[in-house]
Amino acid sequence: MRLFPCVSLVLLLAATAATAQIYVSPRGNDQNPGTAARPVLTIQHALALSRRSSNHRIALRGGTYRLAAPIHISAEDSDITLKATPGERPVISGAIRITGWREVDSHRNLWSASVPASVVNSRQLYVNGVRATRTRGW
């Protein structure tokens, strides 16, 4: 009979450990509490939640996290762990999505799009996740 309370305690501790993290998803909302069912949207917000609590494990769900600015991590964050949720593939990207492409020369397969003024010194172009060669001149 003493076995059952011990088993219950072990199961309770295992369940608590499994939920003791802040969940982030590209489909989340920063108004959410960061649970598995209601993840937050941004890594920055998850870090802020972690700093205000004793919960220092952050689980990233699959998808692309587009950053408008660098993530600032300081000495106070040294015990915080960010990792992918098992079986999922998160991608953290500082890239800017360029839209409005138009073909300018069909014979040479040349395309053009306007780039926001905030983009300076850009040297890399990816198309559907694959690095592309930029035109080097006309």
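**Figure 1. Exposure of Arg 108 in a predicted model.** Arg 108 counts as partly exposed because its relative accessibility is 46%. Arg 108 is found in the loop between β6 (102–105) and β7 (110–112). Strands (E, at least two residues) and helices (H or I, at least four) are DSSP runs, numbered from the N terminus. This is a predicted model, in which local features need pLDDT of at least 70 and side-chain atom pairs count only at pLDDT 80 or more, while totals for chains, interfaces and linings use all residues. Residues are numbered from 1 along each chain as its sequence is written, and side-chain values use heavy atoms, with hydrogens and water left out.

**Figure 2. The pairing of Arg 108 with Asp 105.** The side chains of Arg 108 and Asp 105 form a salt bridge, with a distance of 3.0 Å from N to O. A salt bridge is a side-chain nitrogen of Lys or Arg within 4 Å of a carboxyl oxygen of Asp or Glu. Asp 105 has a relative accessible area of 19% and is therefore buried, whereas Arg 108 is partly exposed. Side chains of opposite charge can pair when their charged atoms come close.

**Figure 3. Arg 51 and Glu 76.** A salt bridge of 4.0 Å (N to O) links the side chains of Arg 51 and Glu 76. Arg 51 belongs to helix α2 (residues 43–51) and Glu 76 to the loop between β3 (63–66) and β4 (81–84), so this pair ties together parts that are 25 residues apart in sequence. Arg 51 is partly exposed at 34% relative accessibility, and Glu 76 is exposed at 56%.

**Figure 4. Arg 51 and Asp 77.** In the salt bridge between Asp 77 and Arg 51, the closest N and O atoms are 2.7 Å apart. Asp 77 lies in the loop between β3 and β4 and Arg 51 in helix α2, so the pair ties together parts that are 26 residues apart in sequence. With a relative accessible area of 4%, Asp 77 is buried. The count of salt bridges in the model comes to three.

**Figure 5. Confidence along the protein chain.** The mean pLDDT, the predictor's confidence in each residue from 0 to 100, is 84 for the protein chain, and 85% of its residues reach 70 or more. Confidence is lowest in helix α1 (residues 3–19), at a mean of 43, and highest in strand β1 (residues 22–24), at 98.

How values were computed
Buried means under 20% relative accessible area, exposed over 50%, partly exposed in between (1.4 Å probe, protein chains only).
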